[in-house]
Amino acid sequence: SSFDFKEWLSIFFHYWYLFVIGLILSLGVAYLQNRKYLPTFLSSGTLIIENEKTEMSGTQALMQGFTVNDGLRNMQNQIIVLQSNDLITKVFDSLPEFQIDYISQGNFKTRNLYKNSPVFIRNDYVAPEAYNILFKMSINPNGTFKITAVDNKMYEDLLINGKFGKPIQHNLFFITTTKNYALNEKRDVYFQFRSKESLVAEFTSRLRFNTLVEGASVLQVSLESENPDRDVDFINALLGTYLEDNLDKKNIVASR
């Protein structure tokens, strides 16, 4: 063999510090990646799509052999309905808690505190320009707080002082804040107002549709993200709104 073990061993000991530096750097990068890592979860719901039975003439039945069958065509039509702007806008009309994102920002991780925020905000009015601003709420031990804007040059001097349970009126928003006493945490909370348009765009882009079994009329609706509770609530509301919408249409047809 041309491999000289002693020669390679001497090279290793001669440049031992390079291996130590490489090992330290690798462990440091791995540590930072683990600190920043947030697991993602797949949330899904299933829906049975009813096949619409219609009588076909002999010509239509003959031509059906050269086109998509009725079951598959109806499935595709219902998928279009499920991701339509009109239906998803109705969904967010029934989910007022989606109008505000509560965010925790640490040194490594940024998390959405959906249903797990130390504060809750009721918004009575939000100006259009307020939707593009990330706000920071610094909470004081005496039940007061101050709100500032983060990384926004136009509102870099913004400072709003408030107290839990007391309404705040500003040209950007009218809000009332309450403390979540179930979470007795003393930390800064970031929040951002969400417009319906931005919510519709976000969830429409993340929606995925699959058939559980080929040829079956069972449709799987799924979302993947770092916040499964939020996705589950949306999927339940989406499927519920879809069924109610279909029922309303059937009732209208029946009454006619």
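**Cores and a sheet in the predicted model**

Biologist: Which residues of the largest nonpolar core touch the most other members?

Modeller: Of its 26 residues, these are Leu-82, Phe-234 and Leu-238. The model is predicted, so local features need pLDDT of at least 70 and side-chain atom pairs pLDDT 80 or more, while totals for chains, interfaces and linings use all residues. Numbering starts from 1 along each chain as its sequence is written, and side-chain values use heavy atoms, without hydrogens or water.

Biologist: What makes a set of residues a nonpolar core?

Modeller: The members are buried Ala, Val, Leu, Ile, Met, Phe, Trp, Tyr and Cys residues joined through side-chain atoms within 4.5 Å; buried means under 20% relative accessible area, exposed over 50%, partly exposed in between (1.4 Å probe, protein chains only). Here α7 (228-255) gives the largest share, six residues. A second, separate core of 25 residues includes Val-126 and Phe-193.

Biologist: Which residues are in contact with Phe-234, leaving aside its neighbours within four places in sequence?

Modeller: Contact means heavy atoms within 4.5 Å. Phe-234 is in contact with Ile-88, Val-91, Phe-92, Leu-95, Phe-98, Phe-203, Leu-207 and Leu-223.

Biologist: Why are β8 and β9 said to pair?

Modeller: Pairing requires at least two bridges found by DSSP. Strands are DSSP runs (E, at least two residues), numbered from the N terminus. Since β8 and β9 (173-179) share three bridges in the antiparallel sense, they pair. Gln-169 stands opposite Phe-174 in β9.

Biologist: What makes β4 and β8 edge strands?

Modeller: The open sheet has the order β4-β9-β8. Both β4 (119-126) and β8 (167-169) pair on one side only.

Notes
Helices (H or I, at least four residues) and strands (E, at least two) are DSSP runs, numbered from the N terminus.
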